[in-house]
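The following explanation is intended for a reader who meets this structure for the first time. It begins with one local feature and then turns to the chain as a whole.

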Amino acid sequence: MHRPPLAAIPRCPLTAVTHATAARETAASEAGTHTPWWRRFEVWFPLAVYAATRVFVVVVVLITQRSQIALPAPNGILRIMFPTGEAPGYWAVMGNWDGQWYQQIATYGYPNPLPLDDLGQVDMNAWAFFPLFPLIVAALMRLTGGDFYVVGSLTATVMGAVAIWLLYRLVDRAVGRWEAVVAVIGVCTFISAPILQASYTESLALLLVVLTLTLIRARQYWWVVVVLVLLAFTRNVVAAMAPVLIAHWIVRWRTEGAQFRLRDRILIGVLTVEAAVLAGLWPFLIGRATGVPTGYAQTMGAWKIGTDIKLSSWWNYLGFAYGSLGPILGIVMLAGFAWFMLTHRSWRWGPELWGWAGAYPAYQLLVTNTGPSRLRYAILAFTFTLFIAWFLKLRWWRRFAIPGLVVVAVLGLVQQVWWIQNYLIVSHLDGPIYFP
């Protein structure tokens, strides 16, 4: 059966690989071979933006940490396991909140058997937190002799730098230079971006997500097998890679036809199943280690976080927070997002970025609640920056695209100050308490 050439295939959401993109990548690669790596824009620009914004966060934290109160142990609200005094300094602040749990894992490991509260129910415990980041920090602590606060924060910061560099490369090669610039600036100035240098898993998760998308796009499928496992031990987001792999499979089938080798078809299918199955790997291992098959679900229940579908909680939140207009605005936003994702404006991103742009937000709506941590979770939805890049390049104000990007960045940095003061710093233990 005769198949039309690539250029003749009609545009659809899953056929974003074009000859123009391939030519641009080839030209960029050839130009880069004559320039020392440290002078290449794709190296120094993302790292410079990341470094500048990290210094900004350090300065803000050093100022705002003066308002942090002493955190003695025990404390029923924050579960303080490693007490700190008031105004504890930069390193201790970057180990606040969940950092305490990662510190416990890195220092003492996971508890076995599962701890119980006074009512005999499973209590809050470290099994709720995935092991890869704290185990890496623990290894580095033994190697360097450093304490958790310093090693944990520095490890997260370095991982974040690698993630931002890879993000720039991915977006630059998949979409274009402008979009890559906006992606780096948008992520580095995002409201919760300070978490990239805290003792949390966001830096490692961002690194592994971007690396997975890069490997899928490069068709390095055997490496994807490995990275998916690492992602499954980092954050509970690996299942969102299944739709990405499906989109990638469809693109290859439509654009290559009979040239899409049977071996690759099967391998991508196996990867899709792997991504879905790996979502249950950590809960399964907890059950085996503790002897309680439902240990993970009971542990999450101690935080009042069930394993049920959360979509209704978002609907209820919109009504509670914004009245009758809330659900209506939510429907309008979802409809607008769906419309944009089904137009050529997003198809040009390629199936990997396009798939993640749709799959990850949908996954978050289904499995996460409406608590304050949603701002932290949103940093993995880095494809939101592609919407900003498109909007700033609309013909009505294209000439003001760069000033517009500067405004976006400045507003983001202002929001970071507010987020650090109200979410990261522990300034009170009464009334509403927000957390990263």
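**A guided reading of the model**

Ala87 is placed in the loop between α2 and α3, the latter spanning residues 90-93. The model is a predicted one, and in it Ala87 has a positive phi of about 45° although it is not a glycine. Most residues other than glycine have a negative phi, and most peptide bonds are trans.

Arg219 is found in the loop between α8 (202-217) and α9 (221-232). With a relative accessible area of 40%, Arg219 is partly exposed. A further backbone feature concerns a peptide bond: the one from Asn112 to Pro113 is cis, with omega near 10°. Pro113 belongs to the loop between α4 (98-108) and α5 (132-144).

How does the radius of gyration of the protein chain agree with that of a compact globule? For 436 residues, such a globule would have a radius near 22 Å, and the chain has 23 Å, so the two agree. Along the principal axes, the C-alpha atoms fill a box of roughly 70 × 55 × 50 Å. Of the 436 residues, 49% count as buried. Among contacts between residues at least 6 apart in sequence, 73% join residues at least 24 apart.

The surface and the charges may be described next. The protein chain exposes about 21000 Å², and carbon and sulfur atoms supply 69% of this area. The chain carries 31 positive and 18 negative charges, and the mean positions of the two sets are 12 Å apart.

A search of the whole structure finds 35 aromatic pairs. In one of them, Phe41 and Phe45 are stacked, at 4.8 Å centre to centre and with 10° between the planes. Both residues lie in helix α2 (residues 41-64), 4 residues apart, which is about one turn of the helix. Phe41 counts as partly exposed because its relative accessibility is 26%, whereas Phe45 is buried at 12%. The pair formed by Tyr90 and Trp91 is edge-to-face, because the ring centres are 5.1 Å apart and the planes stand at 75°. Tyr90 counts as buried at 10% relative accessibility, while Trp91, at 34%, counts as partly exposed. Elsewhere, Trp101, Tyr102, Phe129, Phe133, Tyr200 and Trp303 form one aromatic cluster.

Helix α2 also contains Thr53. Is this residue buried or exposed? At 7% relative accessibility, Thr53 counts as buried. Leaving aside neighbours within four places in sequence, Thr53 is in contact with Cys188, Thr189 and Leu413.

A last example links two places in the sequence. Arg348 lies in the loop between α16 (344-347) and α17 (351-367), and it counts as partly exposed at 38% relative accessibility. Arg348 and Gly176 are 172 residues apart in sequence and 9.8 Å apart in space, C-alpha to C-alpha.

Methods
Residues are numbered from 1 along each chain as its sequence is written. This is a predicted model: local features need pLDDT of at least 70, side-chain atom pairs count only at pLDDT 80 or more; totals for chains, interfaces and linings use all residues. Side-chain values use heavy atoms; hydrogens and water are left out. The radius of gyration is taken over C-alpha atoms; the globule rule is 2.2 Å times the number of residues to the power 0.38. Buried means under 20% relative accessible area, exposed over 50%, partly exposed in between (1.4 Å probe, protein chains only). Contact means heavy atoms within 4.5 Å. Accessible areas come from the Shrake-Rupley method with a 1.4 Å probe; for residues, only the protein chains shown count as cover. Lys and Arg count as positive and Asp and Glu as negative; His and the chain ends are not counted. The place of a charge is taken as NZ of Lys, CZ of Arg, CG of Asp or CD of Glu. Rings of Phe, Tyr and Trp (its six-membered ring) pair if their centres lie within 6.5 Å; planes under 30 degrees apart count as stacked, over 60 as edge-to-face and the rest as tilted. Helices (H or I, at least four residues) and strands (E, at least two) are DSSP runs, numbered from the N terminus.
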